[in-house]
Amino acid sequence: MPLYTRDSLDRLREKVDLVELLRSHIDLKPAGAAYKSLCPFHEEKSPSFSIQRGSHHYHCFGCGAHGDGIAFLTTFLGLSFTEAVESLAERFQVPLERIEGKEDGGQRKKLLEAHALAAKAYQTMLLQSSAGREPLNYLLNRGVTVAMIERFGIGYAPEHPAFLLKLLGGEGFSREVLEEGGLVTTTQNGKHRDFFIDRITFPLQTPQGGVVGFSARKFKEETFGGKYINSQETPLFKKSNFLFGMSYSRRRIAKEQKAIIVEGQLDALRLMEGGLDLTVASLGTAFGASHVRELLRLGVREVYLAFDGDKAGIEAAKKVGDLFQKEGIEVWIPPLPPGDDPDSFVRQNGIEPFVDLLEKAEDYLTFLYHRAKGEIDLTLPAVKSRFVTTLSEQIKTWNSPLMVHESLKKLAFLAGISENLVGAVPGYLPSFRYRRLEPVGELTIDPDLILEGDLLLWLLRIEKREWTGVAYQLLQESFFRNPLMLRLFREGKKRHEANLPFSLLEVAYHFESEKEEELFSDLMKRKVDFEKCKEFYPLAIKKLLDREWLFEREEIREKLQSGTLSDDEALELARRFDALRRSPPSLPTLL
C-alpha cells in the first residue's frame with residue numbers, strides 16, 4: 001500500500017464535499033443551516049443524522065455516530081482505510097502522489113482510464129456490432145437480458161487479436177501501459193496481442209465502480225483455454241482476495257452481515273438481478289482464507305453456500321464451509337437439486353423458489369451428517385466411529401472456543417451419542433497459548449496495539465471535547481508502546497488543546513512505513529458501537545491505565561527480587577508497591 005505526500009492529501013481534504021459524497025448513499029435533505037437524513041448506522045423513524053453546511057464531519061444525535069468521509073466509507077461500505085482514501089481521490093479527481101515518486105498516482109489513473117475505455121468498447125462490440133451477434137444470442141438464450149448486460153457492463157472481446165491495442169493506442173495509451181494493466185500481452189515469439197480474444201467479458205470493479213480487470217468466458221468449445229480466464233495480477237488487481245459482485249453487494253452485505261456465495265459469475269449476476277444483491281463469487285479459483293477475510297472485514301456473521309448441486313459443488317461446500325466455521329461464522333447450505341446451479345434454477349423456477357431454498361438451508365454440521373448418511377453406512381459401529389471422530393477433530397481446529405463446544409454438542413445430538421464421547425465436556429478449550437506477539441497465518445496479534453488502537457479509534461470518532469479531554473488528562477505519552485499510536489495520540493492531544501478537529505484523512509500524514517498503514521487499515525476494519533460509547537470508551541481508557549498499573553507493579557517486584565538494592569532502597573520500593581496495590585485505577589467518569 002502506497003504512502004502519499006502531505007500535499008496531495010491536503011488537496012484531497014480540501015476538495016472533499018461531504019454532502020455530495022453521502023448523497024450517493026443516503027437521502028440527505030436541506031434543513032436550515034444543515035442537511036439531515038435517517039441515520040444509516042441505526043434504525044430510526046425521525047432523522048437525527050446531520051451535516052452542518054461547510055462541515056467536513058457528520059453527526060447522529062441518536063446513536064452518536066460521528067466522523068468524516070473516511071469514517072463513513074470504512075463504516076458504511078466496509079472499505080479499508082487505504083481503499084477509502086483512494087475512493088475519495090477517485091471521486092473528487094485528486095491525483096495522489098506517492099512519496100517514492102509523483103508519477104505513480106498518475107500511472108494508476110491511466111490504468112483505470114484504459115480499463116474504463118476497454119469495458120465501454122467491449123460492451124459496444126457486444127450490443128452494436130455484427131461480430132457481437134453470436135455471443136449476444138448466446139447470452140439471450142441463457143436468459144441474460146439486454147438490461148442485465150447494460151447494468152453489469154457485460155461485453156465481448158472480439159476475435160481480432162489487436163482490437164484493444166489499436167483502439168486504445170489511438171486514444172494515446174502506450175503498449176507498455178496496456179501491458180502493465182493486463183489488457184495486452186506479448187507472445188512467445190515477441191508479438192503483441194490483446195489478452196482477451198473471442199470471449200464474453202465481465203468487468204471486475206472496485207467498490208467505487210472503477211474497472212480494474214476482467215473475467216472472460218468462452219461461449220464456443222473451440223475457443224482456446226479454460227471456460228473462464230481472468231486478468232493477470234496488476235497494480236490495480238489482485239485475484240487472491242477479489243470477490244466478483246462485491247461492488248454491487250458490499251453495502252447490503254455490510255448492513256445485513258450476511259452473504260450468499262456462488263461459484264460462477266452468471267450465478268452471481270442472476271441472483272443480484274433478482275434482488276439478492278448480497279451475492280459474491282470467487283474468480284474461478286478455489287475460495288480461500290483471503291476471501292473469507294474480505295467478508296469478515298464487512299462484519300459478516302452468516303453465509304449461504306449456494307454451490308452447484310453436483311458432487312463437485314457438495315465437496316466445495318464442505319471445504320469452504322470449514323473455512324467460515326473456523327472463524328466463528330455460521331454456514332448454511334441450501335438444497336439445490338442435482339444438476340442445477342443458481343443461474344439455471346432461477347431461470348427455470350424464478351427467484352422466489354430460490355429464496356425458499358435459502359429458508360430451507362441446512363446448517364453446516366447437519367449438512368455434513370446428512371451427506372455422510374447418503375455416502376456411508378452409519379449403522380455400522382466402526383464406520384460411524386471413524387466418521388464422528390474425524391468430524392470432531394475437524395471441529396476442534398476451529399478458533400472460537402464457544403463455537404467448538406456448541407458444535408461438538410450438536411454433533412453428539414446428530415449422532416445420537418453422549419456429549420462426553422466427542423469431547424463436549426464443561427471446561428473444554430481448544431489448545432491455545434497466549435504470547436505477547438503471536439503469529440496467526442499472515443496476521444499478527446499484538447495486544448499492545450489492540451489496547452492502544454481501541455482507544456485511538458474512540459478518540460478519532462468522538463465529537464464531545466469534554467469526553468476526549470478525559471483521555472488526554474489521564475493518559476501519558478509514555479503509556480503508548482506502538483510508535484504509530486503514540487504519534488496519533490500526541491497529535492490528537494495537540495489539536496485538542498488548540499481546539500482543532502482531527503480527521504481520519506489527517507491520520508495518513510503520520511504513516512512512516514507501509515507496514516504502519518497496513519496496521520491502521522486492519523484497525524479501521526473493527527466496528528465502533530456509538531450507542532455504547534459511554535460504556536466502552538471509559539473501559540478503553542481504564543484498560544490502558546490497568547496495563548501501566550500492572551506493569552509498574554511488576555517492575556517494582558522484579559527490582560525487589562533482584563538482590564541488588566540497599567535496605568533503604570528496598571524499603572522505599574516496598575512502600576511504593578504497597579501504595580500501588582491499594583490504589584488500582586478506577587473507571588473514568590464522563591460528563
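## A walk through the model

Select E222: with a relative accessibility of 62%, E222 counts as exposed, because the cut-off for that word is over 50%. Keep in mind as you click around that this is a predicted model.

**Stop 1: a charged patch**

Stay with E222 for a moment. E222 sits in the loop between β10 (211-217) and β11 (228-230).

**Stop 2: an arginine in a loop**

Next, go to R142. You'll find R142 in the loop that runs between α6 (133-141) and α7 (146-152). Is R142 buried or exposed? Its relative accessible area is 17%, and R142 counts as buried because that value is under 20%. Which residues does R142 touch, if you skip those up to four places away in sequence? Show R217, L266, R270, D343 and R347, and you have the set.

**Stop 3: a glutamine in a helix**

Jump to Q325, which belongs to helix α13 (residues 311-326). Here the relative accessible area is 2%, so Q325 is buried.

**Stop 4: the buried side of a helix**

Now highlight α1, residues 6-15. Within this helix, S8, L9, D10 and L12 are buried. What do the buried residues of α1 pack against? Colour α4 (81-91), and you'll see their packing partner.

**Stop 5: salt bridges inside helices**

Time for some charge pairs. Side chains of opposite charge can pair when their charged atoms come close. How many salt bridges are there in this model? The count comes to 30. Let's visit some of them.

Start with E256 and R252. They form a salt bridge, and their closest N and O atoms are 2.8 Å apart. Both lie in helix α10 (residues 246-256), and because they are 4 residues apart, about one helical turn separates them. An α-helix has 3.6 residues a turn, so residues three or four places apart point the same way. E256 is partly exposed at 33% relative accessibility, and R252 is partly exposed too, at 26%.

Move on to E406 and K409. This salt bridge has its closest N and O atoms 3.8 Å apart. The two residues are 3 apart in helix α18 (residues 401-415), so about one helical turn lies between them. E406 is partly exposed, with a relative accessible area of 39%, and K409 is partly exposed as well, at 28%.

Then pick E491 and R495. Their salt bridge brings the closest N and O atoms to 3.2 Å apart. They sit 4 residues apart in helix α21 (residues 483-497), so they are separated by about one helical turn. Are these two buried or exposed? E491 is buried, and so is R495.

**Last stop: a network**

To finish, select D448, E452, R481, R547 and E548 all at once. What links these residues? They are joined in a network of salt bridges.

Note on methods. Residues are numbered from 1 along each chain as its sequence is written. This is a predicted model: local features need pLDDT of at least 70, side-chain atom pairs count only at pLDDT 80 or more; totals for chains, interfaces and linings use all residues. Side-chain values use heavy atoms; hydrogens and water are left out. Buried means under 20% relative accessible area, exposed over 50%, partly exposed in between (1.4 Å probe, protein chains only). Contact means heavy atoms within 4.5 Å. A salt bridge is a side-chain nitrogen of Lys or Arg within 4 Å of a carboxyl oxygen of Asp or Glu.
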